[in-house]
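Here is a short briefing on one protein chain. Keep the sequence and the 3D view open as you read.

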Amino acid sequence: FKRPFWSTDTLFFQTSTFKDSISVHSENNSLDDIKVVPNPYVGTNLFEEAILNSDFNQRRKIMFTHLPSRCKIKIYTISGVLVDEIDVFNPTSDGIAYWDLLTNEGLEIAAGMYIYHVESFSEESKGFKVGKFGVIK
């Protein structure tokens, strides 16, 4: 098609919405998609800019992915001691949240295994996911 557009040319676009198209069953299954990145977290990795160059003051963090829009993340030690809580308010599902690897008292965490518990408060989905991640220093 090798002619220029004319003033009489028209284009039509049609969109449609699907109200109440969120499935509670599929939303609860999406809780299984929650991941921690990186897992395990390696604190002495040379890719950490704060370790490579002492002039940087980079905060260490891990990321929780594929989160519901409203949820609470609780992080525990293997022995069951609550380390920290994160309240998540994302505009949509499939969101992310960061944790700064500090306890709720502002102290650095120790190396080891940790348990996370994500409880969803979204109207469309109720449920929880339990998982684990490691920290190597």
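Start with a proline: Pro 38 sits in the loop between β1 (35-37) and β2 (41-42). The model is predicted.

**The loop between β1 and β2**

- The peptide bond that leads from Val 37 into Pro 38 is cis, and its omega is near -10°.
- Pro 40 also has its place in the loop between β1 and β2.
- The bond from Asn 39 to Pro 40 is cis as well, with omega near 5°.
- Why point these bonds out? Most peptide bonds are trans.

**The open sheet**

- In what order do the strands of the open sheet run? Five strands line up as β2-β8-β7-β4-β5, and their pairing is mixed.
- The edges belong to β2 and β5 (82-89). Each has a single partner strand, so one side of each has no neighbour in the sheet.
- Strand β4 (residues 70-77) pairs with β7 in the antiparallel sense, over seven bridges.
- Thr 77 has Tyr 114 of β7 as its bridge partner. Lys 72 has Glu 119 of β7 as its bridge partner.
- Strand β4 also pairs with β5, again in the antiparallel sense and over seven bridges. One of the partners in β5 is Asp 84, which bridges to Ile 75.
- The hairpin of β4 and β5 has four residues between the strands. In this hairpin, Gly 80 takes a positive phi near 95°.

**Aromatic rings**

- A pair of aromatic rings is described by two things: the distance of the centres and the angle of the planes.
- How many aromatic pairs are there? The count comes to five.
- Take Phe 64 and Tyr 116: their ring centres are 5.5 Å apart and their planes stand at 75°. Planes over 60 degrees apart count as edge-to-face, so this pair is edge-to-face.
- Phe 64 lies in strand β3 (residues 62-67), while Tyr 116 lies in strand β7. The pair therefore ties together parts that are 52 residues apart in sequence.
- Now take Tyr 114 and Phe 133: their ring centres are 5.8 Å apart, with planes at 20°. Planes under 30 degrees apart count as stacked, so this pair is stacked.
- The pair of Tyr 114 and Phe 133 links distant parts of the chain. Tyr 114 belongs to strand β7 and Phe 133 to strand β8 (residues 127-136), 19 residues apart.
- Both Tyr 114 and Phe 133 are buried.
- Which residues do the ring pairs link into a cluster? They are Phe 64, Trp 99, Tyr 114, Tyr 116 and Phe 133.
- Tyr 98 has a charge over its ring: Lys 61 lies over the face, at 4.7 Å from the ring centre.

- Most residues other than glycine have a negative phi.
- His 66 is not a glycine, yet it has a positive phi of about 60°. His 66 is found in strand β3.
- His 66 counts as partly exposed, at 36% relative accessibility.
- Leu 101 is not a glycine either, and it too has a positive phi of about 60°. Leu 101 is found in the loop between β6 and β7.
- Leu 101 counts as buried, at 6% relative accessibility.

**Thr 103 in its loop**

- Where does Thr 103 lie? Thr 103 is in the loop between β6 (95-99) and β7 (112-120).
- Thr 103 has a relative accessible area of 19%. Buried means under 20%, so Thr 103 is buried.
- Which residues does Thr 103 touch, leaving aside its neighbours within four places in sequence? Thr 103 is in contact with Val 83, Asp 84 and Ile 109.

Notes: Residues numbered from 1 in each chain as written. Predicted model: local features only at pLDDT ≥ 70, side-chain atom pairs only at ≥ 80, totals over all residues. Heavy atoms only, no water. Helix = DSSP H or I, 4+ residues; strand = E, 2+ residues; numbered from the N terminus. Buried < 20%, exposed > 50% of the residue type's maximum accessible area, 1.4 Å probe, protein only. Contact = heavy atoms within 4.5 Å. Phe/Tyr/Trp six-rings, centres within 6.5 Å; stacked < 30°, edge-to-face > 60°. Lys NZ or Arg CZ within 6 Å of the ring centre and 35° of its normal. Pairing = 2+ DSSP bridges.
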